Amino acid sequence: MSNVLNVLEKFNVKRSDLIKEYKAEGKKIIGCSPYHLPVELVYAGGMIPMGIWGSQGEVVLAKQFFPAFYCSIVQRSMEMALNGTLDVLDGMMVSIQCDSLKAFGQNIKRAIGDKVPYIHVAMAQNRKIECGIDFNETQYRKVKEQLEKISGNIITDEAVNEAIKLYNKSKVAMQEFVQLAAKCPHLITPTKRSLVLTLANSMDRKKYLEILTELNEALRAEEEKEWDGIKIVTTGIYTSLDGLNEIFEENKMAIVDDEVAEESRQFRTLVDEDTDNPIRALAKYLGDIEGCSLMYDPDKKRSDMLIEKVKKSGADAVVYIQAKFCDPEEFDYPIFKKALAKEGIKLVMIEVDQQQANLEQARTALQTFAEML
């Protein structure tokens, strides 16, 4: 039996079990929902940043806050706040990077009330220019003060620099994992790949880096095998839906790279290390991110990034997973669709929603696409 499979078992943990473990250790947990938040500040304060990306299930209570045609990450996260799932958190941090998240931030503040302290994270759209970095630094200093109140610890520049180094090291390891996984699709299925990458949003980053390093070492020892199926690059907000990755596997589709918000967008960009102002380094990081649909990006570099990923990985096609009612993603789609068509790269779009009871439409679309390839 491959040692890779043994190590993969270490990633098979539930978020609820991790929360119980951290609480038992006396650690405080800050919910982080969902994109590009200064999680290093949380870690520097001796707390655990816990990614809140919604969850699968029905929306009942959240209907009093949002219409049906609304981002399912927001609706399901609000449902978790209203049904008490998030009461275990010691704080809730929300990024304000699109219209849906702006409304979410204000509504969840009302929903959780005094039970869970709310941390509002405003971010400048003009994030690359000096005044944009100044604004983001000012906001992060306010966040730091709120985190210090929750943790009871002073967050020093030294602690922030150390957290930045740890997270950068884990990001590099995740980049390596993506490359190694592409060479071992017979072992790293889409389901396992998603599990490994998304666990980073929940697990103590030091522990996560330890087991990911072990997995990468095991993958390096594996002999590369020719893949007789289809190689794809995925793009969208999330792919971690029950059943979606199984559909890829049914059609012998191996994910050899991605441009997914819950996956590569979280680790493809590093933060400047060992600066005399690490909080400003975190603010500058927002300006260094490219190709994200939620970030102001007049050059729309996502198109070129997808083309490069396809060519570098030798992928046969791109699968776009459209998060239903996500306006920023919908605005990006016709742009990169045109760019991919110009390069002769095949593309299929499927629509997903965390409230979906089944994925039969996606199954039919992917099966047909696989047959065409």
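## Network

Glu259, Arg265, Arg268, Lys300, Arg302, Glu329 and Asp332 are joined in a network of salt bridges. The model is predicted, and the structure holds 32 salt bridges. Side chains of opposite charge can pair when their charged atoms come close.

## A buried pair

Arg193 and Glu263 form a salt bridge in which the closest N and O atoms are 3.0 Å apart. Arg193 belongs to helix α8 (residues 190–198), while Glu263 sits in the loop between β6 (253–260) and α11, so the bridge ties together parts that are 70 residues apart in sequence.

Arg193 has a relative accessible area of 2% and is therefore buried, the limit for buried being under 20%. Glu263 also counts as buried, at 2% relative accessibility.

The side chains of Glu130 and Arg280 meet in a salt bridge, with an N to O distance of 2.8 Å. This pair links distant parts of the chain: Glu130 is in helix α6 (residues 130–151) and Arg280 is in helix α11 (residues 278–288), 150 residues apart.

Glu130 counts as exposed because its relative accessibility is 52%, and exposed means over 50%.

## A pair within one helix

In the salt bridge between the side chains of Glu162 and Lys165, the N to O distance is 3.8 Å. Both residues lie in helix α7 (residues 157–183), three residues apart, so about one helical turn separates them.

Glu162 is partly exposed, with a relative accessible area of 45%. Lys165 is partly exposed too, at 28%.

Definitions and conventions. Residues numbered from 1 in each chain as written. Predicted model: local features only at pLDDT ≥ 70, side-chain atom pairs only at ≥ 80, totals over all residues. Heavy atoms only, no water. Salt bridge = Lys/Arg side-chain N within 4 Å of Asp/Glu carboxyl O. Helix = DSSP H or I, 4+ residues; strand = E, 2+ residues; numbered from the N terminus. Buried < 20%, exposed > 50% of the residue type's maximum accessible area, 1.4 Å probe, protein only.
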